[in-house]
Every structure is written in C-alpha cells, then in structure tokens.
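Hi,

Here is the structure I promised to pass on to you. Have a look at it first, and my notes follow below.

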Amino acid sequence: MEFVSEEERKKMNQYYLKDPLWTFRKGEGISGRLYELMDRDIRKLLLSFSMLFTTEGSPIIYYGDELALENDYDFYNKMVEKTGFKDSRFLNRGPINWDYVESKLKDESSKEYVVYNEIKKMLKIRNKYIEFFEQKGEVIPVKDKSLYVVKKRLKDKMLWAFHNLTNQNKEVNLKKDGLELFEDSKIQKLKLKPYEYKWVLFTI
C-alpha cells in the first residue's frame, strides 16, 4: 500500500485490517490471506477475483488464495519464535498441506472446491475471449455506486463485467440483449445476487 495516497491507505486499513496482527510496517501494508480479508465469505472472495480478471492490468494470484486458504497462525508463531521478529507476512507464507487440500478438492461442498473450480471457470472464459481481456478496460460510472462495472471493446463487440458490491439483490435493465458468459445464455435484464458478478458480451 506504499504506492497509494495517505487517505486511500487510511480507508484500506479501516476496511481490511480486521486484526491488528495483520498490519505491516505500522500501517503501510496489510498481510493475510485474501479469504480472511474478505471476511471469510467466498462470495466476496470470488467477486474480488472477477474484479481482478476484468480490470485493466496483469492478474496475479498469490499462492493459496485460489484455494481459499486461511491465515497460518501456527507458522506465524513458529517464525516469530525463530526470528524474534513479528512479521505479519508469516501469516500467508507457510507451507501448504497438500494432503488436506487434495481431500477438500474431492468434496464439492468445501470452500476449497467451490473457489478453485469457480476460478477455473473464470480463467477458461477469460482465455476463450482473451482478445477482449487484452483490451484497455474502462470503468463505467453508474448512478448506483454499489455496482462496479467494467467495459472492454473490440471492433463491433463489447464485453461488460458487472459486480454487485453489496449484500442486496440488484437488477440492471440492459439496452439490448447480451450473452451472459458463465451461463452461455442470452439475457436482457441482469439480476445480481449479493456479491455476485456476471460477464456479458454485446454485439454493437
């Protein structure tokens, strides 16, 4: 967070710093698994990945976040004892228990299975339509500030990514029919559940 303004850093700390133990360099950063930062809510976690994949730039996944792993307090305590230094980054730098992960990936009800497979689905769609995702994205200003909307255009087609940032249901009336990419179906009215996202392809 060293590259954001002081005001932005303050807001980020207010929202994401759920535990003082997570602070890094006295407020200049926050350490921890994305699952923890997203209130242990896989809806918010997946929403953040959709925003990552659709906003301009190169998406980077920190190892373990694609599995909704939690902060590793055992590793943190061991490293603090070993080094004598309370580095909050120890929370997400520990080894992964692959036996545990592999067992969870066989359980369709586990958060690990759900998150991992939803991210795979996002990446599959992103790769299929990579020519759109390589375009410079435009964040669309909308009246409802609880919606985060990104538009990418290529020739006579546009890809819009809609994100519901709230715990309320949302409806968006589209000006024309579009193809919703996750369901691969045509839609004209967009219905978003709390923290839901949809990617819609339009022909101009």
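Leaving out neighbours within four places in sequence, leucine 45 is in contact (heavy atoms within 4.5 Å) with Leu34, Tyr35, Met38, Asp65, Ala68 and Val115. Please keep in mind that this is a predicted model, where local features need pLDDT of at least 70, side-chain atom pairs count only at pLDDT 80 or more, and totals for chains, interfaces and linings use all residues. Residues are numbered from 1 along each chain as its sequence is written, and side-chain values use heavy atoms, with hydrogens and water left out.

Leu45 also belongs to the largest nonpolar core, which has 34 residues. Such a core is a set of buried Ala, Val, Leu, Ile, Met, Phe, Trp, Tyr and Cys residues joined through side-chain atoms within 4.5 Å, and buried means under 20% relative accessible area, with exposed over 50% and partly exposed in between (1.4 Å probe, protein chains only). Leu45, Phe49, Met122, Tyr129, Leu181, Tyr197 and Trp199 touch the most other members. The elements that each supply at least two residues of this core include α3 (42–54), β4, β5 and β8; helices (H or I, at least four residues) and strands (E, at least two) are DSSP runs, numbered from the N terminus. The helix that gives the most to this core is α3, with 5 residues. Apart from it lies another core of 13 residues, among them Leu174, Ile187, Leu192 and Phe202.

On to the strands. In β5 (residues 157–164), 7 of the 8 residues are buried. β5 pairs with β4 (residues 147–154) in the antiparallel sense over 8 bridges, where pairing requires that DSSP finds at least two bridges between the strands. Leucine 147 stands opposite asparagine 164 in that pair. The two strands form a hairpin with 2 residues between them, and lysine 155 in the turn has a positive phi of about 55°. β5 is also joined to β8 (residues 197–203) by 7 bridges, again antiparallel, with histidine 163 opposite tyrosine 197.

Finally, valine 4 lies in the segment before α1 (6–16). Valine 4 counts as partly exposed because its relative accessibility is 28%. Not counting residues up to four places away in sequence, valine 4 touches Arg9 and Met12. Its C-alpha atom is separated by 9.6 Å from that of glutamate 28, 24 residues apart along the chain.

Happy browsing, and do write back with any thoughts!

Best wishes
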